[in-house]
Amino acid sequence: MKPWMKRMTSALAISMMTCALFTGCLGGSEAPGSSSGSDAGKKVEEPIKMEAMATLKLGEKDIPVYEFKGEEPLPLEMSMMTVTPEAIYLIEHTHGKDDKVLGKYPYKGDQLTAREDLGEATSNVLTTDGKNVYFFLKGGHLGIYDGQELTKVPLSDNREGSTQVVYGSDQAYFSRSGALKTAGYTRAKIGKDGYTDPVLLLSQKEYVHKMKDERDEVSPKLIFADEMGFYLRWTARHGSKNGQGWTSPIYLYDKDGKEVRQLNPDAGVPDGTEKWAGKKLLVCTTKDYFCFLTTGAIRVFDKNTSAYVGDIKWAIDKRPVLADLGHFAVDGDNHIYFGIWDGKDKQQHIYRMDL
């Protein structure tokens, strides 16, 4: 085992905190990208066995962590990642350079095969419905890749921006900027024709200004979407103009743009557990869990009961791993994929954690 892997394994193993058992699917060692179906007349593939590089304890459950490996190291640093059952997609760049490309890494189990270059991209959008991958190309086009062919659709004059597609569906949420009547946050269908049937949910002119006036909250960012709706992270200034005391509240909105609730990372957390209110957070949901992500840690809640499950922390060489927006992805199961750039070895590492 390589020294950096030992460090990773040790840090992961000793940094696990939990306060309750949870129910759910572990994913085990039968991996996405493999098939164990037994339809008559079809050749049955043996499940691909994956060896965990670390195993965490959450109550009585084992939480495996896998590293994806290929014949060659990954020399490019990622800025965004998304995952389908057949491939991992990374927007990559040479460290310190502005030029970016979309790389496709087909995989079976935890084994990566030869990288495919899908061309120039930006770091504005990379998302998937589980079949098609959507990303912004340089030159003002939406790229739609179905795993075999790339379709290019011109973006409109309304300047579509950050986009989150609900995994396993044709529903997308995206932003539009500017002073136009269409500016704000919009729901649409998405497919080979790009965005269709758009419905403006939160108007920039009305809703965003209302949040500023009534709550002193500004600069919303679309950070995730799922079957429940979409999630915006705001900057709450609390009357300060110089950044002191600012926080980053996150709100869930339903598919019609109605505010459902502000998300509380400390809800139901036992006494003595670190409080996360005020931290800069991201969110994601898996099949059974709701997760807050911050620098070096994930806080897990049961998706159905809202009960607190526990905290996962990890570090490499005592340096917390960043839960950056572009550096993690989910796949509709109880898996979270994340990337870690090893600045010492100049390599990108990709892992999957099975909750």
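**Close-up 1. Strands S17 and S18, side by side.** Seven bridges tie S17 to strand S18 (residues 229–236), and the two run antiparallel. Strands count as paired if DSSP finds at least two bridges between them; the strands (E, at least two residues) and helices (H or I, at least four) are themselves DSSP runs, numbered from the N terminus. Look for Phe224, which stands opposite Tyr231 in S18. This is a predicted model: local features need pLDDT of at least 70 and side-chain atom pairs pLDDT 80 or more, while totals for chains, interfaces and linings use all residues. Residues are numbered from 1 along each chain as its sequence is written, and side-chain values use heavy atoms, with hydrogens and water left out.

**Close-up 2. The whole open sheet.** Four strands line up as S17-S18-S19-S20, with antiparallel pairing. S17 (217–226) and S20 (259–262) sit at the edges with a single partner strand each, so one side of each has no neighbour in the sheet. On average, neighbouring strands are turned by 25° against each other, direction ignored.

**Close-up 3. Helix H2 on the sheet.** H2 (residues 204–215) packs on the sheet and touches S17, S18, strand S19 (250–253) and S20; contact here means heavy atoms within 4.5 Å. The direction of H2 makes about 125° with that of S17. Axes are lines fitted to C-alpha atoms, for helices over the stretch in contact, and angles run from 0 to 180 degrees between N-to-C directions.

**Close-up 4. Two cysteines, no bond.** The whole structure has zero disulfides, meaning pairs of cysteine sulfur atoms within 2.5 Å. The sulfur of Cys291 is 4.5 Å from its closest cysteine sulfur, in Cys284, which is too far for a bond.
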